[in-house]
Amino acid sequence: MQNRMNVHESNTIWARFSGPNLGYLYDIYEKYNENPESIDSSIKALFDEFGPPPVSDQKIQISLNNGVQPNLKNIISGLKLIQNIRTFGHLAANINPLVERSDVDTRFLEIETYNLTKEDLLQIPAKLIWEDAPSEIQNGWEAYQYLKNVYTNTIAFEFGHIHHEEEQKWLDQHVEQFGLAKPLTSRERLELLERLLQVDGFEKFLHKTFVGQKRFSIEGLDILVPMLDKIVQSGIEDKVENIMMGMAHRGRLNVLAHVLGKPYELIFSEFHQAPNKELVPSEGSRGINDGWSGDVKYHLGAEREIKGIEEHTIRVNLANNPSHLEFVGSVVLGMTRASQDKSHEAGYPKQDFKASFSVLMHGDAAFPGEGIVAETLNLSKLKGYKTGGTIHIISNNLLGFTTDKEDSRSTRYASDLAKGFEIPIIHVNADDPENCLAVIDFAYQYRNKFHKDIVVDLVGYRRFGHNEMDDPQVTQPFLYKMIDNHPRVAELYANELILKNLITKNELDKKIKDFTDLLQSTFDKIRSNEVELQKLPVFGPIGDIVPELDTSVPYNRLEKINMELLKWPETLNVNPKLERILKRRQNAIDEGNSIDWALAESLAFATILADGIPVRLTGQDSERGTFAHRHLVLHDYLTNERYVPLHNFSEASATFSIYNSPLSEAGVLGYEYGYSVQKQESLVLWEAQFGDFVNAAQVIIDQFISAGRAKWSQKSSLVMLLPHGYEGQGPEHSSGRVERFLTLAAENNWIIANVTSAAQYFHILRRQALLTNKDEARPLIIMTPKSLLRHPKTGSKPIELTLGGFKPLVEQSETGRSPEKIKRLVLCSGKVAIDLASKIEEMNEEEINKVHIVRLEQLYPFPKKEIMDQVNRFTNLNEIIWVQEEPKNMGPWRFIQSNLIDLDIKNLNIGYIGRPLRSSPATGEPHIHKQEQAGIMQDALDLRKGGDHQ
């Protein structure tokens, strides 16, 4: 059995014995030293764990009930009894509203298991076996009865995995001494009943009025709404600025109506096939406009402002959510962190845990089943991601879809995953409303005290099937026989208050009728089109053309910033090798020199910060850079002190946050997306270690980043940096899967780029920063280089940063000089363009004059006008060839082909040169890679090779 003795108890355990018992203990310990197996096993366990009793004669003065010194063995057995009640009491607790626990051996609760009698416990002073026993608890028997009731009622506690002494003691004291439940006043009880009647009546009305329509009702977990009410009220009292909530579809409509204040008429309109096509989007009730497709009603989020004490306003936000369970959790945490960070001074943001907090609601099948949950929990204590604690509520309806818990998890409880992160867990019976409120209040207090996550396992049931069209009797006949015969929680609580003479049956019936009449009258107005409906804000379509913004920076300013970034305190011992590398940047701004990729990025970030725009960059190894090129955080090699130059240059006027992320893609990318949605004035970047690993976050990309604006009018300007390029490193270190992003590209939902110079990277970052707060803001996906980071052909002259801006299309300067001779227009993107630039150096002038190479730096939105301008330049042009290093079924080819066909170039052949169709992105054999790459270069520039014409 797991030991629940904390450090404090181990330090004082021997102080509990005095007089004859202490002397007897010394004798027993001598026998233990001679032969540990010769003494009673329970006393041996004590010596094994806590070592010898003190040598000095330490005594505690205890007044015994009857003047008889209790037996030492009985004291030890009593200690074990109390310890096991704390540790295993949850196994016997009454937390399932449908059945009593019958599958657990509860002999640990029986005093006979410890060879104790009631008389034995009556002789033991309470403080010998329960150090913090209240004064009214006098003896071991009273302590046993009291603690058994605490730990085996409708609330169950699991704290045994908490190792921090102060935290564990606080938890124990609040549970055992102070008690969670604070008796509600008569008024509070009536208010609670009123809320439960509203929750129940709303679901009944929807069930009756919209027969067979999905709504994923809350019934069986109705108390969730009053629990959220309680959290919001606590936030108002503490003058919290934001409460960020995330949940799946189960119970969402009820939460929207009663916690977020979404009007009933708005919800009804989303069910009803209303004739007014201007209603908010729903299944069939709104036409589809370009740039807007909407989502089903049980995925939509909402935000509500509530005025509290002293005119303080709190914002409660329920995040939009797809059907992909649990992925919204990391998004909500990112939104929470963004609302805590104060970002308008140089340095790291100043974080205020009290400004905002998050509440995440989980399914009992999804919490242990979806790996994203573990990724998200792991963020809770990391400096770049912590939010001061999240309140987790598992909406436990005892099964997932049609799958029983025995088939969906390997653990006893749905909440067991949290134990690995030392998160306290409280189970509570959803049919005990007052205790549920006490538990959520306790969770709120704990979060405020320790700034850590806490889990509330709210154990209820699901009154209908997974959705209202399912028949659960087919798959769970026994369970649903119990549910069908089980009274609703509103009914149970109403009967309780009737017995307490707080309400009469007639008063109760009137409340139910009045509320039903209100809903019916609201719906009747919707049907007759008599009510003016509130409209949700909808962003219109974004134009094809990304706004032209001035991203140039004067030379003198760049020179000054560069010099300041290369200064650090004299006391900082920078690694000598790194120092030499960084010092080379001093003259890079001089005329005739070249700015490399890393320096261009540093200068871009610095000038963005100087413009007052906060920057946040995270990813695996992002502080140094996967390829040891960035070095934005310097480490003293003698003291390990850290120094960030971008925090300390004179023009810095906004925060620069840079963090190495945990080894996670989905959790971290979801977090950064949420951060960018909430803090739209910031430039937020996430970098993959290699672009190949981005598919571990595919749900975040598909459901949020790509479609968030079209589904939910949710704006983000997140930047994804995906190292991409074929260099013979094998199938998992070559491709950022650009084809997947291009497949999802529509309605100008994002920008996709594969830039080939430091200046282009500089300008596209600055352009994105300037777009962040504009209507045209959208995510930016960049295929970033690896070997090209230090390639001389990707370096840029200083003037390219000080003049001009980002170019969607870049011409190869050595080609196209004789327009009348050009026969082939070669289009390409990324690393292959640099390979071609190197290849043409081997060609003679006659060969070069027949080919013009153009780099598509921005793949989407597709630069139609710029390409047509190129086509129209060359009167003798025969063909357009797309060249790529990816296989034909990957990379940009299919996207490019489709867009070229749409252009007015019917007289030109469109061809493809690159790798053939493949199931794997790249070969694992370096020599084969080189042969393939050489063949692509040869064919691209040899007019006798016509390419794969379409």
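Is Arg766 buried or exposed? Arg766 counts as buried, at 5% relative accessibility. Buried means under 20% relative accessible area, exposed means over 50%, and partly exposed lies in between (1.4 Å probe, protein chains only).

Before the next stop, two notes. This is a predicted model, where local features need pLDDT of at least 70, side-chain atom pairs count only at pLDDT 80 or more, and totals for chains, interfaces and linings use all residues. Residues are numbered from 1 along each chain as its sequence is written, and side-chain values use heavy atoms, with hydrogens and water left out.

**Stop 1: salt bridges**

A salt bridge here is a side-chain nitrogen of Lys or Arg within 4 Å of a carboxyl oxygen of Asp or Glu. Helices (H or I, at least four residues) and strands (E, at least two) are DSSP runs, numbered from the N terminus. Asp611 is partly exposed, at 36% relative accessible area.

Now select Arg527 and Asp524. Their closest N and O atoms are 2.9 Å apart in a salt bridge. Both belong to helix H20 (residues 505–527), three residues apart, about one turn of the helix. Arg527 is partly exposed at 47%, and Asp524 is partly exposed at 31%.

Next, pick Lys831 and Asp835. Their side chains meet in a salt bridge of 2.7 Å, N to O. They lie four residues apart in helix H30 (residues 831–839). Lys831 is buried, with a relative accessible area of 11%. For a network, select Asp200, Glu203, Lys204, Arg215, Glu219 and Arg488, which are joined by salt bridges that share partners. The structure holds 45 salt bridges.

**Stop 2: the sheet**

Show the strands. Eight of them form an open sheet, in the order S1-S11-S12-S8-S7-S2-S4-S3, with mixed pairing. Which strands stand at the edges? They are S1 (155–158) and S3 (302–307); each has a single partner strand, so one side of each is left without a neighbour in the sheet. Two strands pair if DSSP finds at least two bridges between them. S1 pairs with strand S11 (residues 425–429) in the antiparallel sense, over four bridges. Select Phe157 to find one: its bridge partner in S11 is Ile426.

**Stop 3: the core**

Select Leu228, Met245, Phe268, Val359, Ile391, Ile393 and Leu458. Of the 117 residues in the largest nonpolar core, these touch the most other members. A nonpolar core is a set of buried Ala, Val, Leu, Ile, Met, Phe, Trp, Tyr and Cys residues joined through side-chain atoms within 4.5 Å. Helix H17 (residues 433–450) gives the largest share of this core, ten residues. Apart from this core lies another, of 77 residues, among them Leu300, Leu377, Trp686 and Ile910.

**Stop 4: a covered helix**

Finish at helix H24 (residues 666–678). How many of its 13 residues are buried? Twelve are, so the helix is mostly covered. Among the buried ones are Tyr671, Glu672 and Tyr673.

Definitions and conventions
Expected span 1.5 Å × (residues − 1).
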